[in-house]
Amino acid sequence: MADRATEEFVAHRNLLFTVAYELLGSAADAEDVLQETWLRWAGVDLDEVRDRRAYLVRIATRQALSRLRALGRRKESYVGSWLPEPLLTAPDVADDVALADSVSMAMLLVLETLAPTERAVFVLREVFDVDYDEIAETVDKSPAAVRQIAHRARAHVAARRPRRTVSAAETRDALGAFRRAVETGDLRALLAVLAEDVVLVGDGGGIKQAIPRPVAGADKVARLLAGGWGRVAGSASMEPAQVNGYPALVVRLDGELDTVVAVRLDGGRISGLYAVRNPEKLSRMDRETTLSRRATMPR
């Protein structure tokens with residue numbers, strides 16, 4: 001029985017991690033949820049479980065919801081702006097457009113504006129296609145209530161997400177133009193790639209220096225970036241990476257990982273710049289993280 005339980009858990013592990021990460025925006029917390037899920041799963045009589053994927057997702061979601069509420073309290077005392085933990089992702093994540101969109105930094109920040117139950121309902125329904133009855137059992141609501149929550153969450157997300165799904169190629173092109181403009185200090189070129197209402201958000205977590213609050217407006221953001229890069233240009237480098245399913249930039253100072261920069265695109269221009277400097281959030285940038293919406297059954 002233990003071997004069967006282990007096989008099933010391993011087969012669903014990447015799926016469960018993805019569910020937990022989308023709910024929490026933190027890989028460290030998602031890993032803790034996996035541990036808690038395993039402890040509960042190991043004590044289950046598998047012969048009594050009709051749908052093992054659904055059962056595992058239910059356990060993981062409940063554990064993530066408990067942690068999400070606690071995480072909300074921690075964020076209240078967080079120093080500066082809070083951004084999700086960036087993940088170095090495999091190229092195949094980008095092949096699943098729905099998955100890449102759902103784990104993008106821009107979408108995770110939209111999900112942050114939902115209440116915990118709304119976030120769980122939206123993620124389970126829209127990303128993982130869990131049926132309403134199963135979601136209802138997971139969040140202890142009636143199916144009718146879950147449908148209402150899902151409708152409200154979809155409207156909320158639709159009003160805040162980018163107007164259309166942006167391809168990886170478009171993001172790569174915009175980042176390339178952005179990188180060249182920053183490295184050359186070309187303000188005109190930088191203004192050409194930034195949306196007028198662009199917002200720059202930095203997360204140092206009180207450990208690394210970062211802008212204390214978001215900076216809005218193309219002119220302010222462009223001058224801040226050009227001036228900041230000019231001060232470190234001799235020891236800094238920027239290189240492309242695949243982060244949360246989309247192209248991003250990794251900044252190194254003296255060869256050491258310093259900042260991960262993800263972007264949001266609207267209308268072909270960069271409308272959001274998310275710079276994560278908190279070293280506690282960069283620990284998974286040295287290896288690829290596998291994200292998935294499906295179980296991987298052993299051959």
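Which helix holds Gln148? Gln148 lies in helix H9. The views below start with the whole chain and then move to single residues.

**View 1. The whole protein is a predicted model with 12 helices and 6 strands.** In this predicted model, local features need pLDDT of at least 70 and side-chain atom pairs count only at pLDDT 80 or more, while totals for chains, interfaces and linings use all residues. Residues are numbered from 1 along each chain as its sequence is written, and side-chain values use heavy atoms, with hydrogens and water left out. Helices (H or I, at least four residues) and strands (E, at least two) are DSSP runs, numbered from the N terminus.

**View 2. The surface and the charges of the protein.** Buried means under 20% relative accessible area, exposed means over 50%, and partly exposed lies in between (1.4 Å probe, protein chains only). By that rule, 53% of the 299 residues count as buried. The protein exposes about 14,300 Å² (Shrake-Rupley method, 1.4 Å probe). Carbon and sulfur atoms supply 48% of that area. There are 42 positive and 43 negative side chains. Lys and Arg count as positive, Asp and Glu as negative; His and the chain ends are not counted. Each charge is placed at NZ of Lys, CZ of Arg, CG of Asp or CD of Glu. The centres of the two sets lie 5 Å apart.

**View 3. The largest nonpolar core has 55 residues.** A nonpolar core is a set of buried Ala, Val, Leu, Ile, Met, Phe, Trp, Tyr and Cys residues joined through side-chain atoms within 4.5 Å. Phe17, Trp41 and Leu111 have the most contacts inside this core. Several helices each supply at least two of its residues, among them H1 (2–24), H2 (27–41) and H3 (52–76). H1 gives the most, with 10 residues. A second, separate core has 27 residues, including Ala181, Ala222, Leu225 and Val251.

**View 4. Phe17 and its partners.** Contact means heavy atoms within 4.5 Å. Beyond its neighbours within four places in sequence, Phe17 is in contact with Ala27, Ala30, Glu31, Leu34, Leu87, Arg284, Thr289 and Leu291. Across the protein, take contacts between residues at least 6 apart in sequence: 68% of them join residues at least 24 apart.

**View 5. Val260 sits in strand S5 (residues 256–266).** Val260 counts as buried, at 1% relative accessibility. Leaving aside neighbours within four places, its contacts include Pro86, Val243, Tyr274 and Met285. Val260 and Arg213 are 47 residues apart in sequence. Their C-alpha atoms are 17 Å apart in space.

**View 6. Phe122 is found in helix H7.** Phe122 counts as buried, at 7% relative accessibility. Not counting residues up to four places away, Phe122 touches Leu111, Leu114, Val127, Ala153, Arg154 and Val157. Ala150 is 28 residues from Phe122 in sequence, yet 5.7 Å away in space, C-alpha to C-alpha.

**View 7. Two aspartates, Asp101 in helix H5 and Asp95 in helix H4 (residues 91–95).** Asp101 counts as buried, at 15% relative accessibility. Residues up to four places away aside, Asp101 touches Met107, Arg161 and Tyr246. Asp95 is exposed, with a relative accessible area of 65%. Asp95 and Arg264 are 169 residues apart in sequence and 19 Å apart in space, C-alpha to C-alpha.

**View 8. Asp129 and Asn244 have a positive phi.** Asp129 is not a glycine, but its phi is about 55°. Asp129 is found in the loop between H7 and H8. This residue, Asp129, is exposed, with a relative accessible area of 58%. Asn244 has a phi near 50°. Asn244 lies in the loop between strand S3 (236–243) and strand S4 (246–253). Asn244 is buried, with a relative accessible area of 1%.

**View 9. Gln148 in helix H9.** Gln148 counts as exposed, at 56% relative accessibility. Gln148 and Asp47 are 101 residues apart along the chain. Their C-alpha atoms are separated by 34 Å.
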